[in-house]
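User: I would like a close look at a single part of this model. Please start with helix packing and go on to the charged pairs around it.

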Amino acid sequence: MKGKFITLEGCEGAGKSAQCNLLAEYFNKNNIDYILTREPGGTPVAEKIRSIILSPENKGMSYECETLLYAAARADHLSNKIIPALNDGKLVLCDRFLDSSLAYQAYARGLGTETVEKANFFAYENCMPDVTLFLDISPEDAFRRKGGVDKNDRIELEGAEFHMKVYKGYLALAEKYPMRFIKIPCMGNKYQTHDNIVSALKSRGIL
Ligand code: TMP
């Protein structure tokens, strides 16, 4: 595959969407051929799966079902969007990817990394990101900075303890994969965080 694959990860309220938009502006300004996409979602089928996963109506969904639905959405997203774009030499910027399943389902839900990796292996076909940008802010700090939490979907409705486990999961992943993970400090404003991201991508030879 010729293109570069960048993923953005972090807890709820870490500012991923804002950073994706700032990066997209940067790529436009610098004539970088890219696509911006997200998980769960990114293709019509995966977006439908997203609405099933996140609907508060599906409160009783088992953790196993949740894990497999994220993996199913990922399989479609990879074959119909990510891999074709990488084969075309495009840079792919994806808001969340496999590491979200590891932080949320393996660590926070407690299913364990082996199980979640196994469930996902069929989906990701070894197509791992070149770089994963982890917006390193705890859920409490993100909550304080935002002045409240969004409670619109089934995962956001989980309590503070769950979100702290997600954060610890990400820290463990950053330790486990130091070559791929880049921790981005993001206690400043969104423009400072953006500058940190651009410097990190330059230092890894992605930009
Ligand atoms: P978003 O709100 O950042 O778009 O993500 C949707 C929610 O899904 C968010 O709470 C994180 C969660 N999620 C998982 O639990 N596992 C996954 O594999 C992915 C991609 C997202």
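Analyst: Helices (H or I, at least four residues) and strands (E, at least two) are DSSP runs numbered from the N terminus. Axes are lines fitted to C-alpha atoms, for helices over the stretch in contact, and angles between N-to-C directions run from 0 to 180 degrees. The model is predicted, so local features need pLDDT of at least 70 and side-chain atom pairs pLDDT 80 or more, while totals for chains, interfaces and linings use all residues. Residues are numbered from 1 along each chain as its sequence is written, and side-chain values use heavy atoms, without hydrogens and water.

The part in question is the pair formed by helix H3, residues 63-87, and helix H4, residues 98-108. On the H3 side, the contact (heavy atoms within 4.5 Å) is made by Glu-66, Thr-67, Tyr-70 and Arg-74. H4 contributes Leu-98, Ser-101 and Gln-105.

One of its partners is Arg-109, with the closest N and O atoms 2.8 Å apart. Arg-109 sits in the loop between H4 and helix H5 (113-124), whereas Glu-66 is in H3, so that this pair links parts of the chain 43 residues apart. Arg-109 and Glu-66 are each buried (under 20% relative accessible area with a 1.4 Å probe, protein chains only; exposed is over 50%, partly exposed in between).

Another partner of Glu-66 is Arg-154, and here the closest N and O atoms are 2.9 Å apart. Because Arg-154 lies in the loop between helix H6 (139-146) and helix H7 (160-176) and Glu-66 in H3, the pair ties together parts that are 88 residues apart in sequence. Arg-154 is buried, as is Glu-66.

Arg-180 and Asp-99 are both buried. Returning to Glu-66, salt bridges with shared partners join this residue, Arg-109, Arg-154 and Glu-158 into one network. By the same rule, the count comes to 11 salt bridges.

A few backbone details complete the picture. Arg-96 is found in the loop between E3 and H4. Its phi is near 75°, a positive value in a residue other than glycine. Arg-96 counts as buried, at 12% relative accessibility.

Asn-31 also has a positive phi, of about 50°, although it is not a glycine. This residue is placed in the loop between H1 and E2, and it is exposed, with a relative accessible area of 72%. Glu-39 and Pro-40 are joined by a cis peptide bond with omega about -10°. Pro-40 belongs to the loop between E2 and helix H2 (44-54).

Helix H1 has buried residues including Lys-16, Gln-19, Leu-22 and Phe-27. The buried residues of H1 pack against several elements, among them strand E1 (5-9), strand E3 (91-95) and helix H8 (190-203).

Notes: Salt bridge = Lys/Arg side-chain N within 4 Å of Asp/Glu carboxyl O.
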